[in-house]
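Hi everyone, thanks for making time.

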Amino acid sequence: ISFVVAAEFIVVRFFMGVGGSMVETATYGTMLHLFKDDRGKVTAAGETVIGLGAIAGPPFGGVMYQLSGEFWLPCVVFACFPLVLLLAFCPLPVPTVSVATEASDSEAACLV
């Protein structure tokens with residue numbers, strides 16, 4: 001493997017980490033905002049799902065690789081999975097959110 005290819009892999013992996021952390025931060029922020037009374041349960045559920053994905057992903061990828069004998073099949077399946085989920089969630093109704101007219105002192109302090 002050449003130095004240029006290794007450098008490209010490192011740069012791409014860096015941007016994958018940045019993108020993943022942005023999605024995770026936005027997800028936890030939204031979950032904790034929507035479920036203010038059950039923050040512990042919501043955080044535990046989110047971490048559980050992430051852990052299960054990290055545990056189940058490699059075996060599923062290995063099985064797909066063994067069945068097909070090709071490296072591209074697990075890559076295509078795992079790349080299409082978020083697109084399928086996105087299409088499944090598109091027809092869901094968007095909840096209405098009431099906008100508060102006055103911010104409390106703690107919320108105003110966060111905005112400063």
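This is a predicted model: local features need pLDDT of at least 70, side-chain atom pairs count only at pLDDT 80 or more; totals for chains, interfaces and linings use all residues.

Let's start with the pair α1 and α2. Helix α1 covers residues 3-34 and helix α2 covers residues 39-68. Their axes come within 9 Å of each other, and they cross at roughly 150 degrees. That angle makes α1 roughly antiparallel to α2, since anything over 145 degrees counts that way. As for handedness, the crossing of α1 and α2 is right-handed.

So who's touching whom here? On the α1 side, you've got Glu24, Tyr28, Met31 and Leu32. On the α2 side, look for Arg39, Val42, Thr43, Gly46, Glu47 and Ile50. If you sort the residues of that contact by class, five are nonpolar, two are polar and three are charged.

Okay, next pair: α2 and α3. The axes of these two come within 8 Å and cross at roughly 135 degrees. α2 and α3 are therefore oblique to each other. Their crossing is right-handed.

Here α2 brings Gly57, Phe60, Gly61, Met64, Tyr65 and Ser68, and these meet Leu73, Pro74, Val77 and Phe78 in α3.

The largest pocket has a volume of about 960 Å³. Its lining is made up of 20 residues. If you want to find the middle, go to Val49, Ile50, Gly53, Phe81 and Pro82, which lie nearest the pocket's centre. You've met Ile50 already, by the way, in the contact between α1 and α2.

Which helix gives the most to that lining? It's α2, with eight residues. Still, α1, α2 and α3 each supply at least two residues of the lining, with α3 running over 72-89. And by class, the lining has 14 nonpolar residues, five polar and one charged.

That's my tour, so over to you for questions.

Note on methods:
Residues are numbered from 1 along each chain as its sequence is written. Side-chain values use heavy atoms; hydrogens and water are left out. Axes are lines fitted to C-alpha atoms, for helices over the stretch in contact, and angles run from 0 to 180 degrees between N-to-C directions. Helices (H or I, at least four residues) and strands (E, at least two) are DSSP runs, numbered from the N terminus. Angles under 35 degrees count as roughly parallel, over 145 as roughly antiparallel, 65 to 115 as roughly perpendicular and the rest as oblique. A crossing is left-handed if the near helix is turned anticlockwise from the far one by less than a right angle, and right-handed if clockwise. Contact means heavy atoms within 4.5 Å. Ala, Val, Leu, Ile, Met, Phe, Trp, Tyr, Cys and Pro count as nonpolar, Asp, Glu, Lys and Arg as charged, and the others, Gly among them, as polar. On a 1 Å grid over the protein atoms alone, a cavity is a set of points where a 1.4 Å probe fits but cannot get out, and a pocket is an open set with protein on both sides within 12 Å along at least five of seven lines; lining residues have an atom within 4 Å of a point. Grid points are joined across faces, edges and corners, and a volume is the space filled by probe spheres set on the points.
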